[in-house]
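The sequence and the coordinates are shown first.

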Amino acid sequence: MDRADSYGGFGPLYMEIASALYPHRGPALFNKIYGLGGRDLMPLDVDQVIEETAEAVRTGKVKMVKEYITVRN
């Protein structure tokens, strides 16, 4: 989970982890970006990310590699 975004890329924490795992076949990664524009991250949002992480572990598949949460639609 990142609280910042890079134009045309992923969040900085995601990029650091992905770079560290690059030479090896590591786990499936996905990036959740939250709190843009001063939006609060609520416990329900964290619960949803944890559920999605557990589903990715069970199935080995990630729904979306990059997703914004806590932003207005």
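## Ring contacts, pocket and loop

Lys66 is placed over the face of Phe10, 5.8 Å from the ring centre. The model is a predicted one, and this placement is a computed value, as are the others reported here. Aromatic pairing amounts to one pair.

The largest pocket has a volume of about 320 Å³. Its lining comprises 16 residues, and those nearest the centre of the pocket are Ala28, Leu29, Phe30, Asn31 and Thr53.

Which elements supply at least two residues each to the lining of the largest pocket? They are helix 1 (12-21), strand 1 (31-33) and helix 2 (43-59). Helix 2 contributes the most, with four residues.

The loop between strand 1 and helix 2 contains Gly38. Is Gly38 buried or exposed? Its relative accessible area is 56%, and because exposure requires a value over 50%, Gly38 is classed as exposed. Gly38 and Thr70 are 32 residues apart along the chain, and their C-alpha atoms are separated by 9.5 Å.

Note on methods: Residues numbered from 1 in each chain as written. Predicted model: local features only at pLDDT ≥ 70, side-chain atom pairs only at ≥ 80, totals over all residues. Heavy atoms only, no water. 1 Å grid on protein atoms, 1.4 Å probe; cavity = no way out; pocket = protein on both sides within 12 Å on 5 of 7 lines; lining within 4 Å. Points joined across faces, edges and corners; volume = space filled by probe spheres on them. Phe/Tyr/Trp six-rings, centres within 6.5 Å; stacked < 30°, edge-to-face > 60°. Lys NZ or Arg CZ within 6 Å of the ring centre and 35° of its normal. Buried < 20%, exposed > 50% of the residue type's maximum accessible area, 1.4 Å probe, protein only.
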